[in-house]
Amino acid sequence: MIRLLARLICLMPLIAAGPSRAHELRPAYLDIRETKTRDFAIVWKTPALGEMRLGLYVRLPETCQPIGEPVNSFEGGAFFERWTARCPDGLKGRSLTIDGLRTSLTDVLVRLAYADGSTQVARLTPEMPSLAIIASQTTFEVAQTYFLLGVEHILLGFDHLIFVLALMLLIRDRWMLVKTITAFTVAHSITLAGAALGIFSLPQKPVEAAVALSIAFVASELARSRSGQRRHSETYPWIVAFAFGLLHGFGFAGALKEIGLPQTDVALALLTFNLGVEAGQLLFVATILLAASASKALVAIPFGPVRIMASYLIGTMSMLWLIARIESFWS
């Protein structure tokens, strides 16, 4: 958890450099699919800024040999490398390594899908840059992997965290805050599950733009709040949180669709990913509350001016995201 928060701080300059990518600061991603016996289609995605990519490279087992030349491209703030490899001895029982991961600050999500329908999903870190490829994952391994993926996704989902922060600034009553966060949780759990299971869906780019607009709305409500006057968003904030939580759930589902769900443990993976999202969200809320309590003990700062300043900062940031995400419709 501490390392994730440290990465969050280190990545802050990237937010300023690319507002449209606020929800796209994800780990590197390696997708390996068996297309026919012993042949594997590989997609390797690493974060990039412009045409500068992270120095991370996939090292497959020595028996694997590439078929043809790899195809490289920069797409949507990431570097993609696609190729096909033939592994005469298969991959199960062997290992793969991500070179350069030990000296980086990122993680790598690995998903292997075999022709027989079995899958393996794992998360590699600088402390553990290699993966032992197994025949099948245990229930505990699936749960642990998807829980950590959920935690990491919310802690790197800056727009979702900013939305929660705006709600916290808008609501002064702690019990009402609990109800509001609960409403947000229930709502995005509904759409996350439905979208991840393919029951319903929305185009991802408009969803991301609407998420930015939801943050702008709460920032506007925050800026217009006055002492002694309660707006409907302050009186019934859980309604606002629930309505926008349904929208944010589609954003979470976009990341989960990219990772994929194991066919044998769909319900477990979905549940633990959602629990990880909630754990990360609660960690963020607790950190903000502790920081606020500590600041009150050290220096007396009037809450009103702080709230107004925060509303303008959040509003400006959300509008930058909105403009950039609308521009991405045509890219």
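What percentage of the 331 residues in the protein chain do buried residues make up? In this predicted model, the buried share is 50%. The chain has 10 helices and 10 strands. Contacts between residues at least 6 apart in sequence were examined by separation. Of these, 74% join residues at least 24 apart.

Helix packing is taken up next. Two packed helices are described by the angle between their axes and the distance between the axes. Helix α4 spans residues 158-170, and helix α6 spans residues 204-224. Their axes lie 9 Å apart, at an angle of about 20 degrees. Angles under 35 degrees count as roughly parallel, so α4 and α6 are roughly parallel to each other. The crossing of this pair is left-handed. On the α4 side, the contact is made by Asp 159, His 160, Ile 162, Phe 163, Ala 166, Leu 167, Leu 169 and Leu 170. On the α6 side, these residues meet Glu 208, Val 211, Ser 214, Ile 215, Val 218, Glu 221 and Leu 222. By class, the contact of α4 with α6 comprises 10 nonpolar, 2 polar and 3 charged residues.

Helix α4 also packs against α9. Here the axes come within 11 Å and cross at roughly 45 degrees. The two helices are therefore oblique to each other. α4 passes α9 in a right-handed crossing, whereas the crossing of α4 and α6 is left-handed. From α4, the contact draws on Leu 161, Val 164, Leu 165 and Met 168. Their partners in α9 are Gln 281, Phe 284, Val 285, Ile 288 and Leu 289. This contact has 8 nonpolar residues and 1 polar residue, with no charged residues. The contact of α4 with α6, by comparison, includes 3 charged residues.

Two individual helix positions were also examined. Ala 279 sits in helix α9, which covers residues 266-298. With a relative accessible area of 22%, Ala 279 is partly exposed. Buried means under 20%. Leaving aside neighbours within four places in sequence, Ala 279 is in contact with Phe 147 and Val 151. Phe 147 is 132 residues from Ala 279 in sequence. In space, their C-alpha atoms are 8.8 Å apart.

Ser 311 belongs to helix α10, residues 303-327. Its relative accessible area is 3%, so Ser 311 is buried. Residues up to four places away in sequence aside, Ser 311 touches Ala 219, Leu 222 and Ala 223. Leu 222 is also one of the α6 residues that meet α4.

Charge pairing was then considered. Side chains of opposite charge can pair when their charged atoms come close. The count comes to 12 salt bridges. Among them is the pair of Arg 33 and Asp 31, at 2.7 Å from N to O. Arg 33 counts as partly exposed, at 40% relative accessibility. Asp 31 is buried, with a relative accessible area of 6%.

Lys 92 and Asp 116 form another salt bridge, at 3.6 Å from N to O. This pair links distant parts of the chain, 24 residues apart. Lys 92 lies in the loop between β6 (78-86) and β7 (95-99). Asp 116 lies in the loop between β8 (108-113) and β9 (119-124). Lys 92 is partly exposed at 35% relative accessible area. Asp 116 is exposed at 59%.

A further salt bridge joins the side chains of Arg 123 and Asp 107, at 2.9 Å from N to O. This pair, too, links distant parts of the chain, with its members 16 residues apart. Arg 123 is in strand β9, and Asp 107 is in the loop between β7 and β8. Arg 123 is buried, with a relative accessible area of 16%. Asp 107 is likewise buried, at 0%. Elsewhere, salt bridges that share partners join Lys 36, Asp 39 and Arg 86 into one network.

Notes: Residues are numbered from 1 along each chain as its sequence is written. This is a predicted model: local features need pLDDT of at least 70, side-chain atom pairs count only at pLDDT 80 or more; totals for chains, interfaces and linings use all residues. Side-chain values use heavy atoms; hydrogens and water are left out. Axes are lines fitted to C-alpha atoms, for helices over the stretch in contact, and angles run from 0 to 180 degrees between N-to-C directions. Helices (H or I, at least four residues) and strands (E, at least two) are DSSP runs, numbered from the N terminus. Angles under 35 degrees count as roughly parallel, over 145 as roughly antiparallel, 65 to 115 as roughly perpendicular and the rest as oblique. A crossing is left-handed if the near helix is turned anticlockwise from the far one by less than a right angle, and right-handed if clockwise. Contact means heavy atoms within 4.5 Å. Ala, Val, Leu, Ile, Met, Phe, Trp, Tyr, Cys and Pro count as nonpolar, Asp, Glu, Lys and Arg as charged, and the others, Gly among them, as polar. A salt bridge is a side-chain nitrogen of Lys or Arg within 4 Å of a carboxyl oxygen of Asp or Glu. Buried means under 20% relative accessible area, exposed over 50%, partly exposed in between (1.4 Å probe, protein chains only).
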